[in-house]
Amino acid sequence: MLQAADVTFAYGPGKAGLHGVSVDVPGGSLVGILGPNGSGKTTLLRLLGGMLTPASGRITIDGRDVSRVPRRQLARQIAVVAQETRLAFEYSVLEVVLMGRYPHLGAFELESQDDVVIAREALAATGTLNLEDRLFPTLSGGEKQRVVIASALAQAADLMLLDEPTAALDPGYQIEIATLLRRLNAERGVTMAVATHDLNFAASICDRLVLLRAGHVLAAGPTADVLTRETVRALYDVDADVRFHEDAGHLTVVPLRRTRREA
């Protein structure tokens, strides 16, 4: 269980942050963190991952304060998939995935054959094993995202935090990433928290949602309870048709018109 309890954070005086945010990420769940740009989604992920320290409140993993967990140990428990991955050198796909094994290596220790086996298993799980010899910069956006998720898998953490995993991807790759995350959650039991502004993507994979606006939690709970016409209006200032789609097998959101937020 990963928890944020009454967490407050700001980047500086007068700058946007989080205000008394409480979030639960139960083991085995797939939690979506939704909100418009600047709502605090990425900040919350960084706090949950121990990359930022709250000004007040606590972040805990299995009851232990994240700030007191040694970095290497924390990296064995939590893997982070950033919105965009930029590398200083032209690493191969296999080398990128092997980076996920670093928390399991000692000082100055090189990857063993066992680490290579784990990396290739992660590539196979994400459908990218055939790309292992390719240079990472030569991949398409969807391929890069699957490789980065493979690196997180190779990290062998029980919990994965993903920041906008489908940003700038076309619909085909969005479906691929959604299918992959659902499968990793169901078959491997990987707990996930996914920050996104894509309502339909979140509805297609998440069993729980947290809605953030201007650093405050508007609503949180099971997806079917939280994702409604009223909450979409409160979150995005948009009137939308929210209904269960029989063919898709999940709630879908069709924006209809912009609304004016009440003062």
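Strand β3 (residues 30-34) pairs in the parallel sense with strand β9 (residues 208-213) over four bridges, where strands pair if DSSP finds at least two bridges between them, and Gly-32 has Leu-209 as its bridge partner in β9. The model is predicted, local features need pLDDT of at least 70 and side-chain atom pairs count only at pLDDT 80 or more, whereas totals for chains, interfaces and linings use all residues. Residues are numbered from 1 along each chain as its sequence is written, and side-chain values use heavy atoms, with hydrogens and water left out.

Both strands belong to an open sheet of six strands with mixed pairing, in the order β6-β7-β8-β3-β9-β10. Its edge strands, each pairing on one side only, are β6 (78-81) and β10 (216-222). Helices (H or I, at least four residues) and strands (E, at least two) are DSSP runs, numbered from the N terminus.

Helix α6 has these properties:

| Feature of α6 | Value |
|---|---|
| Residues | 171-188 |
| Span, first C-alpha to last | 25 Å |

The expected span is 1.5 Å times one less than the number of residues. Buried residues (under 20% relative accessible area, with exposed over 50% and partly exposed in between, 1.4 Å probe, protein chains only) of α6 are Ile-177, Ala-178, Leu-180, Leu-181, Leu-184 and Asn-185. They cover an arc of only 160° around the axis, taken from the directions from the helix axis to the C-beta atoms, which puts them on the same side of α6. The face turned away from that side carries the exposed residues Pro-171, Ile-175, Ala-186 and Glu-187.
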